[in-house]
Amino acid sequence: MEHRFFSLERTRMKWGMVFAAPILLFIAAFMVYPILSVFAYSLTSWDGMGEIRFVGLENFKDIFNSSEFWTVIRNNFYFLLVGVPVWTVFPLIIAILLYEEVKGFRFFRTAFLLPTVLSAAIVGILFKALFAYDGPINVVLRAVGLHAIAIPWLGSGSTSIPIIVLTINWAGFGTAVLIFLAGMASISPSIYESSRLDGANWRQRLFYITLPMINNVTQFVIVLNIISAFTSLFNYVFVMTNGGPGYESTVMEYMIYIKAFRSNQLGYACALAVILFLIVLLISKIQMKAFLRPEDWRE
Amino acid sequence: MLRETLKKLLTLALAVTLIMALLAGCGGNNAGQAGTDGNAGTTAKTAESSAGSEPASAEPVKLVVWNTTFKTSDDTGKYSKDELIFNKAVKEFQEANSNIKIEVVDQSYDNIPNLFKAAGLAKNGPDIAILWAGSFTNDYKDFILPLDKYFNEDELSKFQKLTMCRTDFKDEGQLLGIPTEATSINIFYNKELFRKAGLDENAAPATWDDFLAICKSLKTAGITPLMIGDKEGWHSTWAMCEFLSDLYGSNDIFKFKNGEAKPTDESFVKAMTKWTEFFDLGYTNPDYSSLPSQDSMSKFLNGEGAMRLGGSWDTADVMGGLGDKAGTFMIPSFSKDAPYPDYLCSQFSNNFIVTNYSASPDAAVQFIKYMTSADFQAKRYAQDGQLPSRVDVDISSDTNNPLAVTSFSWIKRDKNVIGFDSVMPADPCQEFYMLAPAVTGKKMSVEEMAKHIQEKLDASLKK
C-alpha cells in the first residue's frame with residue numbers, strides 16, 4: 001500500500017516537473033543565468049568587448065578603496081533615511097484623510113493618482129524646470145523678497161537630494177495612497193461601529209484600530225520604499241542632476257551605469273551591482289526581522 | 001483512463017512545443033531570416049556565414065547604417081525630411097547603385113557605446129556606424145574593419161591629417177575610420193551686448209588678461225559675461241582642451257594616452273586652477289554647475305549672456321539665433337609662458353567605420369566614399385554649417401556663416417591639437433566630466449581632482 005502511494009507521488013511529481021519545465025527554463029534563462037553572470041563577471045576585468053581576465057576580488061578591493069564609492073553609499077543612505085519616512089508617512093496621512101471621506105475625496109483620489117501615469121523622465125524634467133535657477137520656485141521666492149534662498153537648487157547635493165526625494169514622493173504618491181486605502185478598506189466596519197458605541201473618538205480609532213490593522217500594509221509600503229531608495233533612483237538622478245556636481249547626488253545605480261556604459265568597466269560595474277544586491281538583501285532582512293510580530297516569531 | 005492519458009499527452013506536447021519555442025527564441029540568427037532585421041537595425045548575415053562570398057555588383061546588397069551625427073529630421077521645421085542633405089544623399093546613392101539598399105538607424109550618443117558593443121559581440125550589428133573619433137573608436141577597434149586597402153594615397157591626401165582615425169593615434173596605425181567633419185573650440189559672443197558695455201565688437205582678446213578685462217566691462221554694465229552650462233562637465237572640458245593645447249602642442253598631447261603626461265603634472269593642475277579661478281571672479285551665471293549645456297545655448301541666444309563656450313558644431317545655431325550680432329574668437333592662451341600659445345583644440349568629431357563582421361565591406365566602403373566626398377561635404381556645410389574634414393572643400397567665400405568661415409580659417413593654419421579627452425581612456429575622462437563641476441563650484445580642490453583622475457588613468461593603463 002505504502003509502495004503504491006510513493007509510486008503515485010513520484011508519477012505526479014514527474015508530470016508536475018514536465019508541466020513546470022517551460023516556465024522554469026524561462027526563469028533559468030532570463031533570471032537565474034543573468035544574475036549568476038553578474039556574480040561571475042564581478043570577478044573579472046572585462047570591458048564588455050575583449051578578453052575576460054579573472055582578477056579575483058580586485059574589483060571589490062578597488063571599490064572599497066575608492067572615495068567616490070563611500071560618497072555614493074552615503075547618498076543612497078541619505079535617500080533611505082530621508083526618503084523612506086517621507087514616501088511612507090505622507091501617503092499614509094493622505095490615505096487616512098481620503099478614508100475619512102473629507103470633502104472632495106473622490107476628486108483627490110483621482111488627482112493623487114495622476115502623477116503615477118507620467119514617466120519618471122517627464123516628472124524629472126518637470127521638477128528640474130520647477131527648481132531651475134530662474135524657474136517658478138525662485139521667481140516666487142524673489143518676488144516675496146527671499147533673494148537669499150533663491151539659489152541653484154540642483155547645483156549642490158545638499159539641496160538636490162531632498163528635491164529628488166520630493167519629486168519621487170510626488171510621482172509615487174498615488175500608488176502608495178492606493179495601497180494604504182486598499183488596506184483600510186479591508187477593515188471590517190463593524191469594528192468601527194462598536195468602537196463608536198464604546199465612545200472612541202477619531203484619534204483613538206486611528207491609533208487603536210486603523211493603524212494597527214494595516215500594519216502589514218505599512219510594512220509592505222516600507223519594504224517597497226527601501227527597495228526604491230536603492231533601485232529606483234536612476235531616472236531622476238540621470239535627468240535632474242547627472243549625479244553631480246562631482247558625485248554629490250550620484251547613487252549606486254547611476255554609478256553602475258557610468259562604469260558599465262561610459263567607462264567601459266563592465267567587471268567593475270558588476271561588482272558594484274553585487275554590492276548593491278547584498279545591501280538591499282541585508283536591509284530587507286533586517287527590516288523584516290524588525291517588523292516581525294511575536295506571533296510570527298512563534299511560527 | 002484513455003481520456004486521462006490523451007489529456008496528459010496533449011499537455012506534454014504543449015509543454016514540449018513551448019520549450020522548443022523558447023529554445024528557438026534564445027538561439028542565434030534565424031536561418032530563414034536572410035538580410036536584415038529591420039526592427040533592430042541589425043544585419044542578420046555574419047562575416048562567417050558569407051566569408052568569401054562577397055556579393056557581385058549586380059546582386060542586391062543591404063547596408064545598415066547606425067547614424068549618430070547626421071540630421072535625418074528637422075525639429076525646427078526649416079527643412080522637410082527629403083530636403084535634409086543626408087537623406088538626400090542616401091537617396092541619390094541608392095539611385096546611382098540600384099543593387100544597394102541603405103537602411104539608416106538613428107542612434108543617440110548615449111546609446112551607441114553599449115549597443116555597438118553588444119552588437120559587435122553578437123556580430124549582428126550594422127555594416128557602417130558613425131562613432132566618435134579618437135579613443136572611442138580605438139576602444140572598439142576589435143569590431144572595426146581596417147580601411148587602408150580600400151583607400152589609395154591620393155584619396156587619403158584629400159583629408160586633413162588622419163592620425164586621429166588610426167589605431168593608437170600612430171601615423172603607421174591601421175586606418176579605422178574616415179572623418180565626417182572637423183571641429184574647433186570657440187567662444188561665441190553677442191556683438192550688441194559688447195556694444196552696450198562699450199567694448200569694441202570686433203576686437204578679439206589676445207591674452208587671458210584681455211579676456212578678463214572684457215568680462216569685467218560686461219559685468220560692470222550689468223551683463224553676465226560668460227554663459228556656462230557645465231552640468232555634464234563639457235564646458236570645463238572644452239576650456240581645458242584649449243588650455244592643454246597651448247601647453248602640450250600637437251604631438252605631446254598623445255602622451256596622455258600612455259601615461260607619459262599625467263593629470264597630476266604641474267601644467268595640468270596649473271591649467272585647471274586657472275580655469276577654476278575664473279569662477280571666483282563672478283563672471284558666469286550662478287547656476288553654471290547645474291545648467292545643461294544645451295540650456296546655456298538657449299540662454300545665450302536669448303541675450304542672457306554676452307559670451308558662450310562652444311564649438312564649430314554650433315555655428316549654424318548661433319547664426320540662426322543671433323544673425324549679424326554673432327561673433328567668435330578663439331579662447332586666448334591662459335598663460336604667457338605656454339609654449340604653443342596660438343594652438344587650437346581642433347579635431348574630427350566623428351568618423352565613419354565599417355564593421356569587421358559586415359557581409360558587404362566593398363559596398364560599405366563605396367557608401368562611405370560617397371558620404372565623405374567633397375561634393376557631399378560642401379553641401380552639408382551649406383545646410384548645417386558643419387566644417388569639412390577634407391582639405392579640398394573651400395568655404396572661404398561663404399558669406400552666410402562667417403562664424404564657420406572664421407573657425408575653418410583657424411583650422412587651416414595647421415596648429416591643431418586633439419582634445420585630451422579624445423586621447424585618454426574612457427574612465428579617467430569620465431572622472432573629469434564628473435568632477436569638473438565640483439571643482440569649479442569649490443567643492444573639491446584641483447589637486448584632489450587631479451589625484452582622482454590620475455588614479456583612474458593608472459588603473460585603466462594597468463588593465
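This section describes a helix pair, the cysteines and a strand arrangement in a predicted model.

Two packed helices are described by the angle between their axes and the distance between the axes. In chain A, helix 3 spans residues 67-99 and helix 13 spans residues 266-291. Their axes come within 13 Å and cross at roughly 35°. The crossing of helix 3 of chain A with helix 13 of chain A is right-handed. Helix 3 of chain A contributes A:Phe69, A:Ile73, A:Phe77 and A:Leu80 to the contact. Helix 13 of chain A supplies A:Leu272, A:Ile275, A:Ile279 and A:Ile283. By class, this contact holds eight nonpolar residues, with no polar and no charged ones.

Cysteines were examined next. Over all chains, a search of the whole structure finds zero disulfides. B:Cys429 is in no disulfide; its nearest cysteine sulfur belongs to B:Cys241 and lies 8.7 Å away. A disulfide would need the two sulfur atoms within 2.5 Å. B:Cys429 is buried, at a relative accessible area of 4%. A:Cys270 is buried as well, with a relative accessible area of 10%. Both values fall under the 20% cut-off for burial.

Chain B contains an open sheet of five strands. The strand order is 4-3-5-12-6, and the pairing is mixed. Strand 4 (100-106) and strand 6 (178-179) of chain B stand at the edges. Each has a single partner strand, so one side of each is left without a neighbour in the sheet. Strand 3 of chain B, residues 61-67, pairs with strand 4 of chain B in the parallel sense. Seven bridges make up this pairing. Within it, B:Val64 stands opposite B:Glu103 of strand 4 of chain B.

Notes:
Residues are numbered from 1 along each chain as its sequence is written. Chains are lettered from A and ligands numbered from 1 in the order in which they are written. This is a predicted model: local features need pLDDT of at least 70, side-chain atom pairs count only at pLDDT 80 or more; totals for chains, interfaces and linings use all residues. Side-chain values use heavy atoms; hydrogens and water are left out. Axes are lines fitted to C-alpha atoms, for helices over the stretch in contact, and angles run from 0 to 180 degrees between N-to-C directions. Helices (H or I, at least four residues) and strands (E, at least two) are DSSP runs, numbered from the N terminus. A crossing is left-handed if the near helix is turned anticlockwise from the far one by less than a right angle, and right-handed if clockwise. Contact means heavy atoms within 4.5 Å. Ala, Val, Leu, Ile, Met, Phe, Trp, Tyr, Cys and Pro count as nonpolar, Asp, Glu, Lys and Arg as charged, and the others, Gly among them, as polar. Buried means under 20% relative accessible area, exposed over 50%, partly exposed in between (1.4 Å probe, protein chains only). Two strands pair if DSSP finds at least two bridges between them.
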